[in-house]
Amino acid sequence: LRAPTREIELHLTGNMERFMWSIDGVPFERAEPIRMDFGERIRLTMVNDTMMPHPMHLHGMWMELENGTLGDMPRVHTILVKPAERVSVLATPRDLGPWAFHCHVLLHMEMGMFRVVKVSEPGEMPRVQS
């Protein structure tokens, strides 16, 4: 039930007519990893800037859906982010290494809506996100 120590906001972006999909307007092949420290408490906020729903799937850790209650937040690996929706989840990385984070619509994932989440020991790697 710890409060998060920082927030990472990610925008789900794309173009349905061109079949281009990305996170923060950056396709996977040009994206830096999302950095997290082992054991830190993170608020991950996803903003869907597209006209399609995106079931976002995080490997290697549970996400707890912030639903306005304390202690009774559903634990999920995949969360559906509807068009124009903003969703926040809490996560606590408990396993080191690289983990996949992607849209579970596989065409979207293959076209670039994919990131690596890199979990490291605290202080081991600089963080790009604030």
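Student: What is the strand order of the open sheet of five strands?
Tutor: This is a predicted model, where local features need pLDDT of at least 70, side-chain atom pairs count only at pLDDT 80 or more, and totals for chains, interfaces and linings use all residues. Residues are numbered from 1 along each chain as its sequence is written, and side-chain values use heavy atoms, with hydrogens and water left out. Strands are DSSP runs of E, at least two residues, numbered from the N terminus, and two of them pair if DSSP finds at least two bridges between them. Pairing in this sheet is mixed, and the order is 3-11-10-5-8.

Student: Which strands are at its edges?
Tutor: An edge strand here pairs on one side only. That holds for strand 3 (34-37) and strand 8 (78-81).

Student: Why is the pair of Phe28 and Phe114 classed as it is?
Tutor: A search of the whole structure finds one aromatic pair. Rings of Phe, Tyr and Trp (its six-membered ring) pair if their centres lie within 6.5 Å; planes under 30 degrees apart are stacked, over 60 edge-to-face, the rest tilted. The centres of Phe28 and Phe114 are 4.7 Å apart and the planes are at 85 degrees, so the pair is edge-to-face.

Student: Is Phe114 buried or exposed?
Tutor: Buried means under 20% relative accessible area, exposed over 50%, partly exposed in between (1.4 Å probe, protein chains only). Phe28 has 35%, so Phe28 is partly exposed. Phe114 has 18%, so Phe114 is buried.

Student: Which side chain makes a polar contact with that of Thr50?
Tutor: Thr50 is in the loop between strand 4 (42-48) and strand 5 (54-58). A polar contact is a pair of N or O atoms within 3.5 Å; within protein, one must be able to donate a hydrogen and the other to accept it, and residues adjacent in sequence count only if both atoms are side-chain atoms. The Thr50 side chain also reaches the backbone oxygen of Met52 at 3.1 Å. At 2.7 Å, the side-chain partner is Asn48.

Student: Which residue of strand 4 stands opposite Leu12?
Tutor: Strand 1 (residues 6-15) and strand 4 run parallel, joined by seven bridges. Opposite Leu12 stands Asn48.

Notes
Helix = DSSP H or I, 4+ residues; strand = E, 2+ residues; numbered from the N terminus.
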